[in-house]
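The sequence and structure come first.

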Amino acid sequence: MTHRNCEQQLVHDQAWRQALKSRFPKIFPARCEIAVSEGWLPLLTELCEQLQGLADAGEGQPEAVEVKQKFGELRLYCRLVGGPSKEIATRVREHAGGVTIDVGQDSAFDKIIDEARRRSLRTCETCGDAGQLCEVREVVTVRCTRHAQR
């Protein structure tokens, strides 16, 4: 890839991430980094629509701390602002302290996030097509057959 192509790709990557943040400003504060590839954009968009729907229904406002891929899975780490006293505890504690405290993943937020995580395991992170876990340059990721070789 040439230097010019790299610059164009970087601008494109920043554009879709910024568009997602602009569409869901309550979920994505300015300081939150979205560190996944564009193939998961539809998955992230649907996830945010569902989370914001719960928030609008009075369940509290999820605020993303970090969005990334880890071991091929979509990981959304967030905290719950306002609403009931329940936290999205496993996400917050795992991110903040490196330790998971099992308080039961039974909130509606946890269920939505977990479903998106499961779906990411069969969605190519590069293009969004059906994919499977594979290793690309010693990194575990989810790719379709077309992108598995890259």
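A contact here means heavy atoms within 4.5 Å. The model is a predicted one. By that criterion, and leaving aside residues up to four places away in sequence, Val67 touches Phe28, Cys32, Glu33, Ile34, Ala35, Val36, Leu44, Leu74, Arg75 and Leu76.

**Overall make-up**

The protein has 4 helices and 5 strands, which follow one another from the N terminus as α-β-α-β-β-α-α-β-β. It comprises 150 residues, and 40% of them count as buried. Its accessible surface is about 8800 Å², with 50% belonging to carbon and sulfur atoms. Among contacts with a separation of 6 or more, 45% link residues 24 or more positions apart.

The average pLDDT is 81, and 75% of the residues score at least 70. Over residues 85–104 pLDDT stays under 50; for this stretch the model has 37 contacts beyond four places in sequence.

In soluble globular proteins, nonpolar side chains tend to be buried together.

**The α2–α4 pair**

How are two packed helices described? For α2 and α4 the angle is about 175° and the axes lie 10 Å apart. Angles over 145 degrees count as roughly antiparallel, so α2 is roughly antiparallel to α4. On the α2 side the contact is made by Leu43, Glu46, Leu47, Gln50, Leu51, Leu54, Ala55 and Glu59, and on the α4 side by Ala108, Phe109, Ile112, Ile113, Ala116, Arg119 and Ser120.

**The loop between β4 and β5**

Arg137 lies in the loop between β4 (132–136) and β5 (139–143), and Glu138 lies in the loop between β4 and β5 as well. Phi is positive in Arg137, a residue other than glycine, and Glu138, also not a glycine, has a positive phi too. Both values are tabulated with the relative accessibility.

| Residue | Phi | Relative accessibility |
|---|---|---|
| Arg137 | near 50° | 70%, exposed |
| Glu138 | near 65° | 74%, exposed |

Key
Residues numbered from 1 in each chain as written. Predicted model: local features only at pLDDT ≥ 70, side-chain atom pairs only at ≥ 80, totals over all residues. Heavy atoms only, no water. Buried < 20%, exposed > 50% of the residue type's maximum accessible area, 1.4 Å probe, protein only. Areas by Shrake-Rupley, 256 points an atom, 1.4 Å probe, with all protein chains shown as cover. pLDDT = per-residue confidence, 0-100. Axes fitted to C-alpha atoms, helices over the stretch in contact; angles between N-to-C directions. Parallel < 35°, antiparallel > 145°, perpendicular 65-115°, else oblique.
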